[in-house]
Amino acid sequence: MAVSALLLGFMMLNLTSCSKDEENGTAAPTETEQGGKEDFKPVVVPDVVVTVDDSGQANGGHHFQKIDETSFYIDDIKYTASQGDLMVTGYNEAYFKGAAVIISTLKYQGRTMNVTRVKDVAFKNCTMITSCVIGNKVSRIGNEAFDGCTSLSSVTIPSSVTSIGEKAFEHCRGLKSVVIPIGLMSIGEGAFHDCNGLTSVTIPSSVTSIGSSAFSGCSGLKTVIIPNGVTSIETSAFSGCSGLTSVTIPNSVTCIDNEAFYFCSGLTSVTIPGSVTSIGSSAFSGCSGLISLTIGNSVTSVGDDAFFGCGGLISVTIPSSVTSIGNRAFAVCSSLISVTIPNSVTSIGQYAFYQCRSLTSVIIGSGVTGIGSYAFANCSGLQHFYCHAVNPPSTVSTVFYDAPISSATFHVPAESLDAYKARSPWSEFGTIVAL
């Protein structure tokens with residue numbers, strides 16, 4: 001039977017995500033709530049005020065060009081009036097190049113207008129922009145605002161910014177570092193996706209939401225400290241960050257969502273704090289360099305494929321809070337030597353420990369009632385299997401497919417010896433003894 005092909009066919013199906021809290025307008029956490037002193041200093045951006053006289057001449061060497069009654073170019077950046085303020089809406093494709101400085105305020109025809117927003121797609125696919133200083137009155141950077149700006153190497157985000165929109169800096173492959181200012185509360189979905197030149201990112205404690213795929217594909221990113229205020233690491237937030245060697249997950253996090261650290265092959269150790277209650281599907285799948293894993297004692301479910309392909313993982317202790325182990329949760333963890341499954345676990349999914357070829361010892365608690373097909377298939381090093389369940393767990397003949405159980409020792413409760421000896425596939429163990 002082509003077990004490997006069948007296994008791959010099942011991977012990535014039926015992903016379940018963490019439940020999302022409703023959006024709220026809560027303030028940034030206080031020093032006490034953060035659990036530590038604020039280390040970030042406000043990002044100071046000069047107050048750039050442009051005054052235009054009646055003849056259309058701008059002060060300070062700035063170039064002003066009227067487009068229509070509501071839109072202007074200032075230094076070849078397009079600004080559009082809206083509800084008494086200005087927003088950046090584009091650039092002069094014929095002339096703009098190099099560094100961009102977004103102004104703070106425009107004084108024109110008796111009006112004073114602050115620049116409060118960089119609108120969606122304002123600089124999208126602008127390959128000429130090399131750097132950007134965002135004005136200190138801007139509060140929001142819109143969706144895809146700088147998407148595809150492949151020459152953008154640096155961006156200065158002022159402390160006035162409270163949200164970065166979806167895919168705001170997606171595909172900015174030349175971007176090397178980003179300092180996110182204190183005051184920012186949300187980083188949008190895919191905000192820095194595929195910024196593979198990004199080597200460092202500083203996330204302040206004011207951030208409470210990091211959107212799905214926010215840093216996915218940032219293969220150059222080496223370390224990340226998630227602030228104590230973030231409650232959920234969203235779907236694919238750091239997936240494909242193959243250069244990531246360490247990550248700090250704070251006690252505020254309750255959910256690690258699907259594919260959150262998918263294929264972060266450089267990760268060597270992970271500590272999942274006691275606040276986390278669920279580990280999503282494929283959360284750490286493909287983390288082949290992972291050697292050390294600590295699972296907090298509040299986790300109740302380990303999702304499908306959660307640690308699939310973590311080939312460097314040697315041992316894992318599953319806490320007594322866990323009630324279910326998902327399909328393929330630890331499949332192809334080829335260095336895993338032993339595993340202890342606590343009494344709280346009632347079900348072990350299909351292919352859960354498939355092809356863990358170094359696995360020599362398995363201890364299953366008394367609460368297990370069902371074990372999925374191929375759960376321990378291809379565990380070619382299996383020598384001892386302990387099951388504390390008084391009643392033999394229900395399963396199928398393929399649970400130990402291509403595992404050497406005929407030469408292994410099976411340990412069961414003394415009062416259940418006859419029950420296990422009379423039931424397949426348990427009866428196929430070479431030696432069955434009392435615990």
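I shall go through the salt bridges pair by pair.

This is a predicted model, in which local features need pLDDT of at least 70 and side-chain atom pairs count only at pLDDT 80 or more, while totals for chains, interfaces and linings use all residues. Residues are numbered from 1 along each chain as its sequence is written, and side-chain values use heavy atoms, with hydrogens and water left out.

Searching the whole structure gives seven salt bridges, a salt bridge being a side-chain nitrogen of Lys or Arg within 4 Å of a carboxyl oxygen of Asp or Glu.

Consider aspartate 47 and lysine 137, whose side chains form a salt bridge with an N to O distance of 3.1 Å. Distant parts of the chain are linked here, 90 residues apart: aspartate 47 lies in the loop between α2 (31–34) and β1 (49–52), and lysine 137 in the loop between β9 (129–133) and β10 (140–141). Helices (H or I, at least four residues) and strands (E, at least two) are DSSP runs, numbered from the N terminus. Aspartate 47 is partly exposed at 47% relative accessible area, as is lysine 137 at 31%; buried means under 20%, exposed over 50%, and partly exposed in between, with a 1.4 Å probe and protein chains only.

In the salt bridge of aspartate 194 with arginine 173, the closest N and O atoms are 2.5 Å apart. Aspartate 194 is buried at 15%, whereas arginine 173 is partly exposed at 40%.

Finally, a network of salt bridges links Lys124, Glu144 and Asp147.
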